[in-house]
Amino acid sequence: FPPAVFPLSCAVQGYAWGKVGLESEVAKLVASNDPLAQIQPDQPYAELWMGTHPRGDAVIRDNRIPQKTLGQWIADNPACLGAKVKDAFQGHLPFLFKVLSINTALSIQAHPNKELAAKLHVQFPEHYPDANHKPEMAIALTPFEGLCGFRPVEEIVSFLQSVPELRALIGEVAAEQLERSGSDDPRGVSAALRVCFTRLMKSEKKFFVDQLNMLVKRISQEAAEGKDTSGSNGDLLLRLHSQYPGDIGCFTIYFLNLVRLEPGEAMFLGANEPHAYLHGDCVECMACSDNTVRAGLTSKFIDVLTLCEMLNYTPAPSSSKIFPATQSQLDPSVYLYDPPVPDFAVMRIEIPSSIKLYLVSAVDSASILLVIQGTAVGTSTAAASEMTLRRGSVLFISANESISLHLSSPDGMLLYRACCLL
């Protein structure tokens with residue numbers, strides 16, 4: 001039998017929004033796992049990709065395995081996915097697991113559902129490279145901030161009343177329509193919200209840049225005078241404007257919830273949910289796709305019409321965006337984040353310092369295990385030899401294989417494990 005459990009060396013993406021040098025969690029993980037890694041102090045280390053994506057297929061670190069990458073190995077050994085996963089996802093690993101280290105905001109975006117993804121891919125293959133949906137979940141490693149989903153209407157209305165520059169862009173008719181829409185008519189609310197957001201996103205460039213400059217000037221003056229600018233969401237506006245001056249995305253803070261996550265808290269982004277990660281470090285798991293519809297806070301291709309058409313215009317408070325983890329009945333060290341899509345689930349495994357031998361149990365799916373804290377020696381009947389696990393180690397575990405961890409760190413371990421629970 002070829003080894004079915006083995007360590008991986010994973011691709012790093014240096015996107016400009018990433019944290020630089022050893023400020024980045026991605027860089028810290030890479031450096032801890034590989035003492036020979038050269039971390040450049042002025043380079044961004046934005047994403048670590050753990051999976052089989054062609055732009056970052058993980059390299060197998062086991063010289064007894066002839067295949068170079070995880071993608072090649074799975075193609076030659078599809079049974080490793082588990083029978084159900086192999087059939088459901090045509091012999092491919094259905095998820096991509098990542099670590100993100102965010103210094104400046106990512107674009108305002110949403111991911112299409114399967115139906116829309118297939119359509120966009122046929123029409124504009126250069127912008128929408130595949131026909132899959134892309135639900136994703138982010139779990140904070142450090143305090144994390146993002147914009148996610150439409151705010152409750154009363155919050156948006158309050159901004160429309162205290163931010164005249166926003167009201168000017170949306171126009172009096174649309175603003176009043178939203179102010180009059182009643183909570184007893186959710187479809188009317190969504191329709192009014194759609195009109196307001198679309199008016200904002202489609203406003204004439206010269207007009208919105210003038211309004212944005214006026215707003216930034218006003219808030220900067222108020223802040224300098226020591227006034228409270230929270231009624232205009234002043235701090236966040238100035239921060240985003242300094243990162244993306246003159247960008248329409250700066251105004252979306254008046255429509256979208258600001259969600260703050262503490263380490264271990266998660267948000268799940270289903271299809272058509274508008275979002276933008278702002279700052280912090282997280283592990284992220286997503287369906288295998290690159291389909292992103294963008295509309296601001298970016299220099300990339302933006303597709304405002306598609307975005308405004310597809311969004312889910314259901315207002316909800318920011319607290320509702322935090323996705324809960326459930327503690328396992330069978331193993332109190334395991335917390336499961338199981339989103340409402342079949343493509344992936346994530347486990348957070350917190351092994352207390354009192355436990356010196358821990359079994360990473362078998363699941364009926366291929367999985368990828370990432371060590372965030374702690375050290376151990378791992379043994380498995382399916383591994384060629386024992387493996388040293390330390391901060392930054394990444395292991396591939398074939399379906400129905402388990403690993404015994406012999407812990408050597410005084411303060412326990414923290415692991416994240418991505419898999420597919422059909």
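Predicted model: local features only at pLDDT ≥ 70, side-chain atom pairs only at ≥ 80, totals over all residues.
Hi everyone, thanks for coming. Let me start with what the record says about this chain. An unreviewed UniProt entry lists residues 5–153 as "domain: Phosphomannose isomerase type I catalytic". In the model, that stretch is 22% helix and 25% strand, and its end C-alpha atoms are 50 Å apart. The UniProt annotation for residues 169–256, again from an unreviewed entry, reads "domain: Phosphomannose isomerase type I helical insertion". How much helix and strand does the span 169–256 hold? The model gives 65% helix and 1% strand, with the end C-alpha atoms 17 Å apart.

Helix 7 covers residues 172–180 and helix 8 covers residues 186–201. Their axes are 9 Å apart, and the packing angle is about 150°. Because angles over 145 degrees count as roughly antiparallel, that is the word for helix 7 against helix 8. The crossing of helix 7 past helix 8 is left-handed. If you want to find the contact on screen, look on helix 7 for Ala174, Ala175, Gln177 and Leu178. Their partners in helix 8 are Val189, Ala192, Leu193, Val195, Cys196 and Arg199. Sorted by class, this contact of helix 7 with helix 8 has eight nonpolar residues, one polar and one charged.

Helix 7 has another partner to show you, helix 5, which spans residues 153–162. Here the angle is about 140° and the axes are 10 Å apart, so helix 5 and helix 7 are oblique to each other. Helix 5 also passes helix 7 in a left-handed crossing. From helix 5, the contact uses Val153, Ile156, Val157, Leu160 and Gln161. From helix 7, it uses Ala175, Leu178 and Glu179. The classes here come to six nonpolar, one polar and one charged. Do keep an eye on Ala175 and Leu178: they meet helix 5, and they also meet helix 8.

Helix 9, residues 205–224, packs against helix 10, residues 234–243, at about 125° with the axes 10 Å apart. That angle makes helix 9 oblique to helix 10, and the crossing is left-handed. On the helix 9 side you will find Leu212, Asn213, Leu215, Val216, Ile219 and Ser220. They meet Gly234, Leu237, Leu238 and His241 of helix 10. How many charged residues does the contact of helix 9 with helix 10 have? There are no charged residues, with six nonpolar and four polar making up the contact.

Strand 19, residues 376–379, pairs with strand 20 over three bridges, and Gly378 stands opposite Met387 in strand 20.

That's my tour, and I'm happy to go back to any part of it.

Conventions. Residues numbered from 1 in each chain as written. Heavy atoms only, no water. Axes fitted to C-alpha atoms, helices over the stretch in contact; angles between N-to-C directions. Helix = DSSP H or I, 4+ residues; strand = E, 2+ residues; numbered from the N terminus. Parallel < 35°, antiparallel > 145°, perpendicular 65-115°, else oblique. Left-handed = near helix turned anticlockwise from the far one by under 90°. Contact = heavy atoms within 4.5 Å. Nonpolar A, V, L, I, M, F, W, Y, C, P; charged D, E, K, R; others polar. UniProt positions renumbered as here; feature names shortened; annotations may be inferred. Pairing = 2+ DSSP bridges.
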